[in-house]
Amino acid sequence: MRRFLYVAPALAFAAVAFFLFHSLSQSPDRALPSPLIGKHAPKLYLPALDAATKGFGPRELSAGHVTVVNVFASWCAPCRSEAPILERLARDDRFALYGVAQKDTPARVRAFLKDVGDPFQRIALDADGRAGIEWGVYGVPETFVVDGRGIIRARIVGEITPQLLDRELMPAIREAERAS
């Protein structure tokens, strides 16, 4: 009986550790699906980061071309890691690449973009995070694919890696092109 008192906590810990470790392998986008997929992008205009760029809203998102909207922040380490992939995406003229700087300041965002590169055609500022709430963003980075009619076709939670680019983002862009 005494032996059980020593073994039981170890078994309980092992079971909890197994389930926690197993939950790490689940993709975050499956954990919290977006209710906006298949619906129009939020009807709000996002102001420009500063005078050097333009903001965007429903008119720009339904202008007949696919748009990839990347929500990022200067303080976000995965945003820094995905910057080379965004630079690569910016060279593809089949779609527009817009950025939303969330809970940040223009000066910090400009310093960040000077350091990692600025792939965005338009950059909006969501200083207080309210636009992020409308878009269903719960962390940065997040990336949305919007078809030419302004309908959100995909949401990718987290850093865009080469694997996610090939497996999820590019197929979502092709699907949005067909829907436009």
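Helices and strands here are DSSP runs, a helix having at least four residues and a strand at least two, and both are numbered from the N terminus. In this predicted model, the elements of the chain follow the order α-α-α-β-α-β-α-β-α-β-β-α when read from the N terminus. That makes 7 helices and 5 strands.

Some totals describe the chain as a whole. Of its 180 residues, 46% are buried. Among contacts between residues at least 6 apart, 72% join residues at least 24 apart.

One pair of helices can be followed in detail. Two packed helices are described by the angle between their axes and the distance between the axes. Helix α4 covers residues 77-90 and helix α7 covers residues 162-179. The two pack at an angle of about 45 degrees, and their axes are 10 Å apart. An angle counts as roughly parallel under 35 degrees and as roughly perpendicular from 65 to 115; α4 and α7 are therefore oblique to each other. The crossing in which α4 passes α7 is right-handed.

Which residues in α4 and α7 meet? From α4 come I85, R88 and L89, and from α7 come P162, L165, L169 and M170. Sorted by class, this contact has 6 nonpolar residues and 1 charged residue, with no polar ones.

Methods:
Residues are numbered from 1 along each chain as its sequence is written. This is a predicted model: local features need pLDDT of at least 70, side-chain atom pairs count only at pLDDT 80 or more; totals for chains, interfaces and linings use all residues. Side-chain values use heavy atoms; hydrogens and water are left out. Axes are lines fitted to C-alpha atoms, for helices over the stretch in contact, and angles run from 0 to 180 degrees between N-to-C directions. Angles under 35 degrees count as roughly parallel, over 145 as roughly antiparallel, 65 to 115 as roughly perpendicular and the rest as oblique. A crossing is left-handed if the near helix is turned anticlockwise from the far one by less than a right angle, and right-handed if clockwise. Contact means heavy atoms within 4.5 Å. Ala, Val, Leu, Ile, Met, Phe, Trp, Tyr, Cys and Pro count as nonpolar, Asp, Glu, Lys and Arg as charged, and the others, Gly among them, as polar. Buried means under 20% relative accessible area, exposed over 50%, partly exposed in between (1.4 Å probe, protein chains only).
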